[in-house]
Amino acid sequence: MTEHIEKAEKHLLHTYNRYPVVWEKGSGCYLYDTDGKKYLDFVSGIGVFALGYQNAYFNDALKAQIDKIIHTSNYYYNLPAVRAAEGLTSLSGLERVFFTNSGTEAVEGALKAARKYAYRRDGRPGHEIIAMNRSFHGRTMGALAVTGTESYRTPFEPLIGPVNFADMNDFDSVYACVNGNTCAIILETVQGEGGIYPAEQAFLKKIRALCDEKDILLILDEIQCGFGRTGTMFAYEQYDIMPDILTCAKALGGGVPVGAFLLSGHVAEKSLVPGDHGTTYGGNPLATAAVNAVLDLFAEENIIDRVNQSALYLMECLDRLAGEYDVIVSRRGMGLLQGLEYREPVADIIKKALEKGLVLINAGANVLRFIPPLIITKEQIDEMMAILENIMSELYS
Ligand code: PLP
């Protein structure tokens, strides 16, 4: 692998401090490096490969689509996009979909839709957005502007603005940011990159009521926490509220780059019109065939039920570990998006895990994140725990 890594470091732009491993192939919940070593994957490409690697149905669906047509243009209709849009609207309860190529582009579209809605309502531009501290929404200029980590934003300013930052689960801090120019509140139903912080029930309900009262749009970013990950198709279902705009990506395409933003009928009717937004690749037949294959597999393989069962077991195991070690502050999360917060950085644990054939990742310096494929089994959770317990006793006993 060393030779491949040296070449990569010579030619790829250094925007990541990568782990010293080169993946060659995957199968189910396992990855293999170019030296043939097998690893249990508890990262799934950060929530992307939710249905595991080399799923025969998924791969066959893509191959069949490649043999028909890969790309058209959004000036024409294509069958897989129509089917995918129908599937997504019926699952989400929202009415209109715009397909993108990534999560960050879905956020860009959501922000544009919110601004356009307020522009048409008030007959003037200049509307503000409220976002959360610790949030992560992407790396393009609009999504970065609403990302709650100052060090990510500062070198690239001026970004779109004004954006006012409040604290997740602190309604008063959100309320204090509202003014006559506010057009949207954007938040992750479960904050992912920022350290696995689920929105509290009362908080999200109050935000929804505030948005209704002031005609502010609620944008929920479920790019990481959506698509079955929390035990329902979308995490907001567990809060008994609806967003006005929803962003999705990651697991949506099961590994093929595709994202989407979805709008309520009311917002769709009163925001973007032809000429306001577009994309060359977004919603092409290959990407949306992937979405359709993912949706088929969710139904056929009872993915949501499986997540609920395995998540309960994962939480039980992580709680037990947290009870055994003082260095672990707490476990947080929903479904198969879990975090263990440590009193110190978790980088050494991740490094040791990789050496022992387990792929883990952090969410902030001190939080170990568990975001396995949604098809993970109880036996594989045991396998992960055995390695993690071994590392914990090496480092902390
Ligand atoms: N929003 C959330 C909640 C995310 O977790 C991410 C990526 O991690 C993004 C947006 C950006 O998605 P992408 O990397 O596909 O642009």
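## Getting started

Two residues are in contact when they have heavy atoms within 4.5 Å of each other. With that in hand, take Glu 344: leaving aside its neighbours within four places in sequence, Glu 344 is in contact with Val 327, Asn 366 and Tyr 396.

A bit of housekeeping before we go on. What you see is a predicted model, where local features need pLDDT of at least 70 and side-chain atom pairs count only at pLDDT 80 or more, while totals for chains, interfaces and linings use all residues. Residues are numbered from 1 along each chain as its sequence is written, and side-chain values use heavy atoms, with hydrogens and water left out.

## More on Glu 344

Where does Glu 344 sit? Look in the loop between strand S14 (337-342) and helix H13 (347-355). Helices (H or I, at least four residues) and strands (E, at least two) are DSSP runs, numbered from the N terminus.

Glu 344 counts as partly exposed because its relative accessibility is 36%. On this scale, buried means under 20% relative accessible area, exposed means over 50%, and partly exposed is in between (1.4 Å probe, protein chains only). The side chain of Glu 344 also makes a polar contact with the side chain of Tyr 396, at 2.8 Å. A polar contact is a pair of N or O atoms within 3.5 Å; within protein, one must be able to donate a hydrogen and the other to accept it, and residues adjacent in sequence count only if both atoms are side-chain atoms. For a sense of distance, the C-alpha atoms of Glu 344 and Thr 247 are separated by 33 Å, and these two residues are 97 apart along the chain.

## Glu 222, a buried charge

Now hop over to Glu 222, in the loop between strand S10 (217-221) and strand S11 (245-248). Is Glu 222 buried or exposed? Glu 222 is buried, yet it has no salt bridge. The nearest side chain of opposite charge belongs to Arg 229, and that is 10 Å away. For charges, Lys and Arg count as positive and Asp and Glu as negative; His and the chain ends are not counted. A salt bridge is a side-chain nitrogen of Lys or Arg within 4 Å of a carboxyl oxygen of Asp or Glu.

What Glu 222 does have is a polar contact between its side chain and the side chain of Thr 189 (2.7 Å). Setting aside neighbours within four places in sequence, the residues in contact with Glu 222 include Phe 234, Tyr 236 and Leu 246.

## Salt bridges elsewhere

Side chains of opposite charge can pair when their charged atoms come close. How many salt bridges does the structure hold? The structure holds 15.

One of them joins Arg 121 and Asp 122, with the closest N and O atoms 2.8 Å apart. Arg 121 is partly exposed at 33% relative accessibility, and Asp 122 is partly exposed too, with a relative accessible area of 30%. Both belong to a network of salt bridges that links Arg 121, Asp 122, Arg 124 and Asp 215.

Another salt bridge brings together the side chains of Arg 369 and Glu 193 (2.9 Å, N to O). Arg 369 lies in strand S17 (residues 367-370) and Glu 193 in the loop between strand S8 (190-191) and strand S9 (197-198), so this pair ties together parts that are 176 residues apart in sequence. Arg 369 is buried, at 2% relative accessibility, whereas Glu 193 is partly exposed, with a relative accessible area of 25%.

## Around the ligand

Glu 193 turns up again here: the residues surrounding the ligand include Ser 102, Phe 136, His 137, Glu 193 and Asp 221.

Some distances to ligand oxygen atoms are worth a look. A backbone N or O atom of Gly 103 lies 2.8 Å from an oxygen atom of the ligand, and a polar backbone atom of Thr 104 is 2.8 Å from a ligand oxygen. In Lys 250, an N or O atom in the side chain is 3.1 Å from an oxygen atom of the ligand. The protein covers 81% of the 390 Å² of accessible area that the ligand has on its own; accessible areas come from the Shrake-Rupley method with a 1.4 Å probe, and for residues, only the protein chains shown count as cover.

Terms used. Near = heavy atom within 4 Å.
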